[in-house]
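Work through the exercises below with the structure open. Try each task before reading its solution.

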Amino acid sequence: MKKVTKDVLLNWYEEMLFWRKFEDKLAQVYIQQKVRGFLHLYNGQEAILAGSLHAMDLTKDKMITAYRNHVQPIGMGVDPKRVMAELYGKATGTSQGLGGSMHIFSKEHRFYGGHGIVGGQIPLGAGIAFGDKYHNVDAVTLTFFGDGAARQGSLHEAFNLAMLWNLPVVFCVENNGYAMGTSVERTANHTDIWKLGLGYEMPCGPVDAMDPEKVAEAMSEAIERARSGGGPTFLELKTYRYRGHSMSDAQHYRTKDEVAEYQKIDPITQVKDRLMKDHGVSEDDIKVIDKRVKARVAECEKFAEDSPYPEKSVMYDAVYEQEDYPFLPAKS
């Protein structure tokens, strides 16, 4: 694994803080009805992305995830102004405002969504990896999904084929404990989701996903295995989300005290404490970063606010009519 230096920790702190504040701003403008539809926030889970990016080769590796998907494309290199504009439904968004919150996408930066169907991205991730193996592309696909999606039958089909075909894929369940609002303990007779990999003889295991360095260690090993022809890995990334499943979630299934306990091991705070304790970073240094992050978020908001909505004609450009479609009578 690449060494975790002071510069890496500084980058982790600034980027994780930016992702957090970026989504805090989204929550604010959602309440103002500037962002519509569903909104699923990543607050608390940022260590997963930070550690994963550290282990990836961003010139060729790929990522696919579910609908909690705003900060991942930013980490992969997508302009955050365009991500915010997409949530606003503006023409300058990543999909010209037609995708919205759950469907951020960037072929250029190898981020393949953003999927609203629970677990739908699991076989797609295996399929991307199959394509890379078939075409001899030296790339690894990270396939993320939640603990609720781990109960989908498509997971087992994807696991079976990934092992059978020795695909360069890392399956990553982001276990934040509650899926939409049902605890892991109530969805199966086992709570160690990683053990699902054992039935396929797939390398698998749990990871403390509140610590970006531990995520980076596990991801580095899994990615190296996939890249060297060793096949898939299944990681259970044990994390926690501070906000509800979506903005409409009343969160009756957990207590405020429970959330507060997890906030004591906040990944951003952990990295900040390491910087100050082990690397001599001062409060004033931290304030400079915080100010820079605040300015970046404000820039994104202004860009989204000032951008135009797409022309209505754009909606018609996103569908097509096949003139020679079979079984339809010819036009008279």
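**Exercise 1. How are α1 and α9 oriented relative to each other, roughly parallel or roughly antiparallel?**

Solution. α1 and α9 are roughly antiparallel to each other. Start with the ground rules. This is a predicted model, in which local features need pLDDT of at least 70 and side-chain atom pairs count only at pLDDT 80 or more, while totals for chains, interfaces and linings use all residues. Residues are numbered from 1 along each chain as its sequence is written, and side-chain values use heavy atoms, with hydrogens and water left out.

Step 1: locate the helices. Helix α1 covers residues 6-31 and helix α9 residues 267-278. Helices here are DSSP runs (H or I, at least four residues), numbered from the N terminus.

Step 2: take the geometry. Two packed helices are described by the angle between their axes and the distance between the axes. For α1 and α9 the angle is about 150° and the axes are 9 Å apart. Axes are lines fitted to C-alpha atoms over the stretch in contact, and angles run from 0 to 180 degrees between N-to-C directions.

Step 3: apply the cut-offs. Angles under 35 degrees count as roughly parallel, over 145 as roughly antiparallel, 65 to 115 as roughly perpendicular and the rest as oblique. The α1 and α9 pair is therefore roughly antiparallel.

Step 4: The crossing of α1 and α9 is left-handed: the near helix is turned anticlockwise from the far one by less than a right angle, whereas clockwise would be right-handed.

Step 5: list the contact (heavy atoms within 4.5 Å). From α1, the residues include Lys6, Trp12, Leu17 and Arg20; from α9, they include Pro267, Ile268, Val271 and Leu275. The contact of α1 with α9 holds ten nonpolar, no polar and four charged residues. Nonpolar covers Ala, Val, Leu, Ile, Met, Phe, Trp, Tyr, Cys and Pro; charged covers Asp, Glu, Lys and Arg; the others, Gly among them, are polar.

**Exercise 2. Repeat the analysis for α1 and α4: at what angle do they pack?**

Solution. Step 1: α4 spans residues 80-88, and α1 packs on α4 at an angle of about 20°, with axes 12 Å apart. Step 2: α1 and α4 are therefore roughly parallel to each other. Step 3: their crossing is right-handed. Step 4: Phe18, Phe22, Lys25, Leu26 and Val29 in α1 meet Pro80, Val83, Met84, Leu87 and Tyr88 in α4. That contact has nine nonpolar, no polar and one charged residue.

**Exercise 3. Which residues touch the most other members of the largest nonpolar core?**

Solution. Step 1: define the core. A nonpolar core is a set of buried Ala, Val, Leu, Ile, Met, Phe, Trp, Tyr and Cys residues joined through side-chain atoms within 4.5 Å. Buried means under 20% relative accessible area, exposed over 50%, partly exposed in between (1.4 Å probe, protein chains only).

Step 1: name the residues. Trp12, Trp19, Val170, Met219 and Leu237 touch the most other members of this 61-residue core. Helix α1 gives the largest share, twelve residues.

Step 2: inspect Trp12. Not counting residues up to four places away in sequence, Trp12 touches residues including Leu17, His54, Ala216 and Val271.

Step 3: look beyond. A second, separate core has 19 residues, including Ala126 and Phe171.

**Exercise 4. Is His54 buried or exposed?**

Solution. Step 2: with a relative accessible area of 9%, His54 is buried. Step 3: beyond four places in sequence, the residues that His54 touches include Met1, Val8, Trp12 and Ala216.

Technical notes: Helices (H or I, at least four residues) and strands (E, at least two) are DSSP runs, numbered from the N terminus.
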